[in-house]
Amino acid sequence: MIISENPSSPPSQEPIVDIYQTHAPKDRLLVDYFRYMNDMIEQAEIFTKFSEAKRALEFYAVAVDANHRRRGLSTALMSQGVEYAKKNEIDVVFGLFTSPYSKRAAEKIGLKNIFQLDLLEYSPIGEENRGLFKNSVPHNHASIMAIST
């Protein structure tokens, strides 16, 4: 989970750790992957859609090992994240979901789709579409889903 602050709000007393500075990926594939994820989330304009929110909690790369799937683990993890947000005065919880399975888990805990991208048409801001996700079919629709706490 990553916590971010609304740039339009006064900074909170609690320092926010910049995960990208403290744990920057070294592999080029991961650098690009995180850059694209961040770009997609920026396009969703979380703090515009939730303008009263001071802080947001992002589910970042929730994944369950293939040997342990279909047991409710991702739903349980995200549910605990929402509880954490409520207890710590975080106003909105959101995530980028790229599979129908992760979207269903998010819906179970109340997250709603607020922004959708077709990865076949996606190009990062300032770049042309290079067919980055041409092999993503049938999972080529990414959703930014969120809930107010």
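Colleague: At the start of helix 2, which backbone nitrogen does a side-chain oxygen of Asp27 reach?
Modeller: That oxygen comes to within 3.0 Å of the backbone nitrogen of Leu29. Helices here are DSSP runs of H or I with at least four residues, strands are E runs of at least two, and both are numbered from the N terminus.

Colleague: Before we go on, where does the model come from, and how are residues numbered?
Modeller: It's a predicted model: local features need pLDDT of at least 70, side-chain atom pairs count only at pLDDT 80 or more, and totals for chains, interfaces and linings use all residues. Residues are numbered from 1 along each chain as its sequence is written, and side-chain values use heavy atoms, with hydrogens and water left out.

Colleague: Back to helix 2, why does its end-to-end distance make sense?
Modeller: Helix 2 covers residues 28–44, so its 17 residues should span 24 Å at 1.5 Å a residue, and the end C-alpha atoms are 25 Å apart, which agrees. The expected span is 1.5 Å times one less than the number of residues.

Colleague: Which of its residues are buried?
Modeller: Asp32, Phe34, Tyr36, Met37, Asp39, Met40, Ile41 and Ala44. Buried means under 20% relative accessible area, exposed is over 50%, and partly exposed is in between, using a 1.4 Å probe and protein chains only.

Colleague: And what covers them?
Modeller: The cover includes helix 3 (46–49), strand 2 (55–59), strand 3 (92–97), strand 4 (112–118) and strand 5 (141–148).

Colleague: What about Leu30, why isn't that one called buried or exposed?
Modeller: Leu30 is in helix 2 too, but its relative accessibility is 39%, so it counts as partly exposed.

Colleague: What follows helix 2?
Modeller: Glu45, whose phi is positive, near 50°. Glu45 sits in the loop between helix 2 and helix 3, and it's partly exposed because its relative accessibility is 42%.

Colleague: Zooming out, how many helices and strands does the protein have?
Modeller: Five helices and five strands, and from the N terminus they run β-α-α-α-β-α-β-α-β-β.

Colleague: Why would you say its radius of gyration fits a compact globule?
Modeller: With 149 residues, a compact globule would come out near 15 Å, and this protein has 16 Å, which agrees. That radius is taken over C-alpha atoms, and the globule rule is 2.2 Å times the number of residues to the power 0.38.

Colleague: How much of it is buried?
Modeller: Buried residues make up 36% of the 149 residues.

Colleague: Last one: what does UniProt list for residues 23–104?
Modeller: The unreviewed UniProt entry lists "domain: N-acetyltransferase" there. UniProt positions use the numbering used here, feature names are shortened, and annotations may be inferred rather than shown by experiment. In the model, that span is 50% helix and 13% strand, with its end C-alpha atoms 30 Å apart.

Methods:
Contact = heavy atoms within 4.5 Å. Polar contact = N/O pair within 3.5 Å; in protein donor to acceptor, adjacent residues only side chain to side chain.
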